[in-house]
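Here's a quick briefing for anyone opening this one for the first time. Have a look at the sequence and the 3D view, then read on.

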Amino acid sequence: MSLIQVALVEDHTLTRLGMRTALEQTQKVKVVGDAANAHDGLQLLQMTKPDVAIVDVGLPDMDGIELTRKFREFQTQTPDCKSKVLILTLNDREDTVLAAFTAGADSYCMKDTSIDQLVEAIEATYAGENWIDSSIARIVLKEVRPVGAKPTVAIDAIEPEYTQMLAATPLTDRELDVLALIVAGHSNYDIADKLYITVGTVKTHVRNILNKLCVNDRTQAAVRALRAGLVA
């Protein structure tokens, strides 16, 4: 099995070198390059086109969110560049988290995570999933509208293939209602009670939602819904 090619953009030298060494020791990842600032990092990503770019938010010359945005712009002009972006930071502020996804980040991981969890995040991101640190999942989840409400942010950086997929098999109005209640923290029994349907019907709707969004769980469904504009 080929190694996942990763590029690191991190300004703290010891953190960057330590992360590089730890990742390569897992024998699952090949670090194709690293950079200490956004300017060099953008050039690195454009040149290496890694499978996964790990980008720190707190870079000295330009934050990692703006770097992500610029790299996504580059990708729109470079069809063969399929890199995913994993934001790595100590910052769990709501505005930063949402700005990262708005800019086109695929995943968001906290710096204090273990190397095993980081590798898990890299593998999931490489596989096309949205990996979100459990400590910030609540931020993403609460941005999905409750029934009848409007979101506070629109995340529309979804990949073209998912846009086409959703156009072919869109969520129904009832599925959107169920999705909103799921991410608001309601159980299947609560949803059944609120929508006056059976629990079995709720389970069917949940299964259809996950299938249509091509995700494995409710947190991933929330991110994909945000990025696809389903909550607007």
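Let's start with threonine 125: beyond its neighbours within four places in sequence, it is in contact (heavy atoms within 4.5 Å) with Val52, Lys84, Val85, Leu86, Asp106, Ser107 and Trp131. Keep in mind that this is a predicted model, where local features need pLDDT of at least 70, side-chain atom pairs count only at pLDDT 80 or more, and totals for chains, interfaces and linings use all residues. Residues are numbered from 1 along each chain as its sequence is written, and side-chain values use heavy atoms, with hydrogens and water left out.

**Threonine 125 and its helix**
- Threonine 125 sits in helix α5; helices (H or I, at least four residues) and strands (E, at least two) are DSSP runs, numbered from the N terminus.
- Threonine 125 counts as buried because its relative accessibility is 0%; buried means under 20% relative accessible area, exposed over 50%, and partly exposed in between (1.4 Å probe, protein chains only).
- After α5 comes glycine 128, with a positive phi near 95 degrees.

**Where α1 meets α5**
- The axes of α1 (residues 13-25) and α5 (residues 115-126) come within 10 Å and cross at roughly 75 degrees; these axes are lines fitted to C-alpha atoms over the stretch in contact, and angles run from 0 to 180 degrees between N-to-C directions.
- On the α1 side, Met19, Ala22 and Leu23 make the contact, and on the α5 side it's Ile115, Leu118, Val119 and Ile122.

**Aspartate 11**
- Aspartate 11 lies in the loop between β1 and α1.
- With 30% relative accessibility, aspartate 11 counts as partly exposed.
- Leaving out neighbours within four places in sequence, aspartate 11 is in contact with Arg16, Ala36, Asp56, Gly58, Leu59 and Pro60.
- The C-alpha atoms of aspartate 11 and valine 55 are 9.8 Å apart, though 44 residues separate the two along the chain.

**The whole chain**
- In all, the chain has 11 helices and 5 strands.
- Of its 232 residues, 49% count as buried.
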